[in-house]
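Please look over the sequence and the model below before reading the notes that follow.

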Amino acid sequence: MISASRSDSDRWQTISSVSHFANDHVAVSTELVRTPTRLQPREWTVVKRKSAVVVAAVTVEGSIVLIRQERIAIRDTIWEMPAGQVDQLCGTGSFKDVAMRELREETGYELAENGELVFLGEFFSSAGFTDERAFLFLAKSVRRSARGHAHDETEAILECREFPPDAIRAMIADNEIRDANTLCVFARLMARGLWPTT
């Protein structure tokens, strides 16, 4: 079987799509698709979600900012890097703008005077069933905003804390940090040599 390349993207053909459910956050459909490497179409159930941003926020002192949030789907409360769905990009808005807004709303932090926001790339959270794509950012250096946080009423953020980089590594190794967004940003920062040192 021939492997599909990026140039094959225009050779995917949707034969049919039957919608089962849709709301403001997610849509579920069964799709019949012909791929670049198969003559016979394949049927697949697909979950479509809005894009998201994920922000690794590093303080001036080199600590990482995490939030502890209740997650109904897993019936648990977990530590995560701040993240949020991209509802829409208005006017001259960008994913960077959304990332900065999510950072301030969820944590109450913002870029310090000489801080910068670095785009780290993107990833698919679970390409086997959803098209959800997350755009990853490193915000360095950050400080507490005088305006504080502005949690959305649908969120259940219980706590926001700064952790030294070694503590984050230990939390990952001990399975205390378990969400894909945080693990992916950590991997990307490590691979690019951007993980802060204590």
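This briefing covers model confidence, the sheet and the aromatic pairs.

This is a predicted model, in which local features need pLDDT of at least 70 and side-chain atom pairs count only at pLDDT 80 or more, whereas totals for chains, interfaces and linings use all residues. Residues are numbered from 1 along each chain as its sequence is written, and side-chain values use heavy atoms, with hydrogens and water left out.

**Confidence**
- The mean pLDDT of the protein (the predictor's confidence in each residue, from 0 to 100) is 90, and 88% of its residues reach 70 or more.
- Over residues 1-5 the pLDDT is below 50, and this stretch has six contacts in the model (heavy atoms within 4.5 Å) beyond near neighbours in sequence.

**Sheet**
- β2 (residues 26-34) pairs with β3 in the antiparallel sense over eight bridges, and arginine 42 in β3 is the bridge partner of valine 33.

**Aromatic pairs**
- The structure holds five aromatic pairs, counted when ring centres of Phe, Tyr or Trp (its six-membered ring) lie within 6.5 Å, with planes under 30 degrees apart taken as stacked, over 60 as edge-to-face and the rest as tilted.
- Phenylalanine 186 and tryptophan 195 form an edge-to-face pair, at 4.8 Å centre to centre and 80° between the planes, and both residues are buried (under 20% relative accessible area, 1.4 Å probe, protein chains only).
- Phe95, Phe119, Phe135 and Phe137 are linked into a cluster by ring pairs.

Technical notes: Pairing = 2+ DSSP bridges. Helix = DSSP H or I, 4+ residues; strand = E, 2+ residues; numbered from the N terminus. Buried < 20%, exposed > 50% of the residue type's maximum accessible area, 1.4 Å probe, protein only.
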